[in-house]
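User: Please take a close look with me at one part of the model shown below. I would like one connected description of how that part is built and what lies around it.

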Amino acid sequence: MNRMVLIILFWIIGFVGGILIYSVLPSIIHFFSTFMPNLFSKYFFEALIAGVIGSGISTIAILYWANKSSKEF
């Protein structure tokens with residue numbers, strides 16, 4: 001597969017994953033704020049959760065692609 005197509009595909013996966021996480025982020029923040037009130041600022045905590053989930057989505061996508069492409073050879 002063309003390298004540019006793969007880069008665009010992973011970008012789209014990350015973009016869609018980011019939109020989905022952003023839409024459910026208030027409920028996640030509310031859930032964790034009951035456990036850790038005033039430990040971190042709200043904005044730092046939102047960025048932390050979005051970063052962890054975004055990196056997880058991209059890692060899973062790359063691992064899936066690498067596993068699939070290694071079986072083709």
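What follows is about helix α1, residues 3-33.

Analyst: Happy to! This is a predicted model, in which local features need pLDDT of at least 70 and side-chain atom pairs count only at pLDDT 80 or more, while totals for chains, interfaces and linings use all residues. Residues are numbered from 1 along each chain as its sequence is written, and side-chain values use heavy atoms, leaving out hydrogens and water.

The chain has two helices and zero strands; helices (H or I, at least four residues) and strands (E, at least two) are DSSP runs, numbered from the N terminus. With 31 residues at 1.5 Å each, α1 should span 45 Å, and its end C-alpha atoms are 42 Å apart, which agrees. That expected span is 1.5 Å times one less than the number of residues. Along the way, α1 has a kink of about 50° at Val24, shortly before the proline Pro26. The bend is the angle between axes fitted to the seven residues ending at a residue and the seven starting there.

Now to what is covered. Buried residues (under 20% relative accessible area; exposed is over 50%, partly exposed in between, with a 1.4 Å probe and protein chains only) make up 12% of the 73 residues in the chain. In α1 they are Leu6, Gly17, Ile21, Leu25 and Ile29. An α-helix has 3.6 residues a turn, so residues three or four places apart point the same way.

Ile13, also in α1, is partly exposed because its relative accessible area is 31%. Beyond its neighbours within four places in sequence, Ile13 is in contact (heavy atoms within 4.5 Å) with Ile57 and Ala61. Gly54 lies 41 residues from Ile13 in sequence, yet 9.6 Å away in space, C-alpha to C-alpha. Ser58 belongs to helix α2 (residues 42-72) and is partly exposed because its relative accessibility is 34%.

Finally, the surface. Met4, Ile7, Ile8, Trp11, Ile12, Phe15, Val16, Ile19 and Leu20 make a nonpolar patch of about 920 Å². Patch residues have over 30% relative accessible area and no salt bridge, with nonpolar side chains (Val, Leu, Ile, Met, Phe, Trp, Tyr) joined within 5 Å and like charges within 9 Å; a salt bridge is a side-chain nitrogen of Lys or Arg within 4 Å of a carboxyl oxygen of Asp or Glu. One of the patch residues, Ile8, counts as partly exposed because its relative accessibility is 41%.

Technical notes: Accessible areas come from the Shrake-Rupley method with a 1.4 Å probe; for residues, only the protein chains shown count as cover.
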